[in-house]
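The sequence and structure are shown first.

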Amino acid sequence: MAEIPVTQDEIMAVFPKVAETMADALGCDVEDIKPDVSLIEGLDAESIDFLDMVFRLERAFKIKIPRGKIIENARGDLTEAEFEQNGIVTERGLAYLREYLSEVPAERFKTPMKVADIPRLFTPTTFCKLVVRAQKEAPAA
Amino acid sequence: MIPSGLAGRSVLVTGGSRGIGRAIVELFAEEGANVTFFYKGNAEAAQDVVAKLRDAGRDAHAAQVDVTDAATCHTAVEALAARTERIDVLVNNAGVIRDNPLAALGDDDIKTVLDTNIGGVFNVTRAVVPYMVMQRAGTIINLSSVAGDKGGRGQTNYAASKGAVNAFTRALAVELAPRKIRVNAVAPGVIDTEMSQDVREMAGDAAKARILLKRFGTVQDVAYAVWFLASDYANYVTGQVFHVDGGFKLE
């Protein structure tokens, strides 16, 4: 499944509302939500916060984000075996991930990278892209 | 004494038209909670509960929901949240019993009991949790059973489903603790209800001999325990399976 391309303009169009929603979920100031801050490293997000963000974004934008979709999208066309071996992201997987998470600064991609650590890369921009893609896949009625 | 905190809260009870569920619905409604309950098929019993509570000036709503149907649960929970704007308390009470020795259990006896008693807990809780997470508040009480810990002849299906409820309760308590959502279970012993009639008739005296307090429980005995766990009095209680069984002894 090829990813639907998302432009910078599209990201910036949804960013203010995404930032506001994320600030509500994380209980922080909206000013702290910078487009490229790592949600886990920079804003202390926990796994339950990610779920909360997804719930809130679904309501705020009237979209559906299937559970598990974020990691699944991050894998793209690759099979699980092509993407990871024993919980470590493969070279191919890493190449795809860098492309999919193009907004994440290169130095944040550690090697070897554990699959469990992928969420550490996620930024508000990652979620903006998720929202834009969900809007394109199922435009609001 | 501080108030229980239940007045005005939005409470959802599954299996609320009869037995223990009905007693829970009535107790919470009397406390001034805004109670919604799901019932599977007995519309007459459900309407009776609602009518009696409304006559008494209480707030209660009923919705026909088969908890084994995930999509229906999701839709019904969304409708509830749209109406009440929040969900403060979830009581997973809906349950069925199909006792028989293991070798005599039909496929449907196993499937129905597991799908309802633990599958239903998954279906309803999964739909409710997002609201509690967003609220950063809420409490969930699952109805377990003495059978979940202590077994019971002819109850492999039922005991397995209730053992699963206990494990579910503890795991979800861990998962939701960061959002201050409490998850507990109440494990009734032999309670005087329509559902346990066969058990009481078949093993009544033997069962009673194992109960320290020498009587079967009432639906109110169970409802009070649920009420306590849902109230602010239990604010420091999570991940527990609270036995309400008159002191049921191990064989």
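The expected span of a helix is 1.5 Å times one less than its number of residues. The model discussed here is a predicted one. In chain B, helix α1 covers residues 19-30, which is 12 residues, and should therefore span 16 Å. The C-alpha atoms at its ends lie 17 Å apart, in agreement with that expectation.

Helix α1(B) is largely enclosed by the rest of the structure, because 11 of its 12 residues are buried. Among the buried residues are the glycines G19(B) and G21(B), together with R22(B) and E26(B). I20(B), I24(B), V25(B), L27(B) and F28(B) are likewise buried. Just after α1(B), G32(B) adopts a positive phi of about 95°.

In chain A, helix α1 (residues 8-26) and helix α3 (residues 47-61) have axes that come within 9 Å and cross at roughly 135°. The two helices are therefore oblique to each other, and their crossing is right-handed. The residues that make this contact are listed below by helix.

| Helix | Residues in the contact |
|---|---|
| α1(A) | K17(A), V18(A), T21(A), M22(A), D24(A), A25(A), L26(A) |
| α3(A) | D49(A), D52(A), M53(A), R56(A), L57(A), A60(A) |

By class, the contact of α1(A) with α3(A) comprises 7 nonpolar, 1 polar and 5 charged residues.

Between the chains, 5 residues of chain B are in contact with 6 residues of chain A. The side of chain B that touches chain A has 4 nonpolar residues, 1 charged residue and no polar residues.

Methods
Residues are numbered from 1 along each chain as its sequence is written. Chains are lettered from A and ligands numbered from 1 in the order in which they are written. This is a predicted model: local features need pLDDT of at least 70, side-chain atom pairs count only at pLDDT 80 or more; totals for chains, interfaces and linings use all residues. Helices (H or I, at least four residues) and strands (E, at least two) are DSSP runs, numbered from the N terminus. A residue is buried if 20 or more other C-beta atoms lie within 10 Å of its own, exposed if 12 or fewer, and partly exposed in between; C-beta atoms are placed from the backbone. Axes are lines fitted to C-alpha atoms, for helices over the stretch in contact, and angles run from 0 to 180 degrees between N-to-C directions. Angles under 35 degrees count as roughly parallel, over 145 as roughly antiparallel, 65 to 115 as roughly perpendicular and the rest as oblique. A crossing is left-handed if the near helix is turned anticlockwise from the far one by less than a right angle, and right-handed if clockwise. Two residues are in contact if their C-beta atoms, placed from the backbone, lie within 7 Å. Ala, Val, Leu, Ile, Met, Phe, Trp, Tyr, Cys and Pro count as nonpolar, Asp, Glu, Lys and Arg as charged, and the others, Gly among them, as polar.
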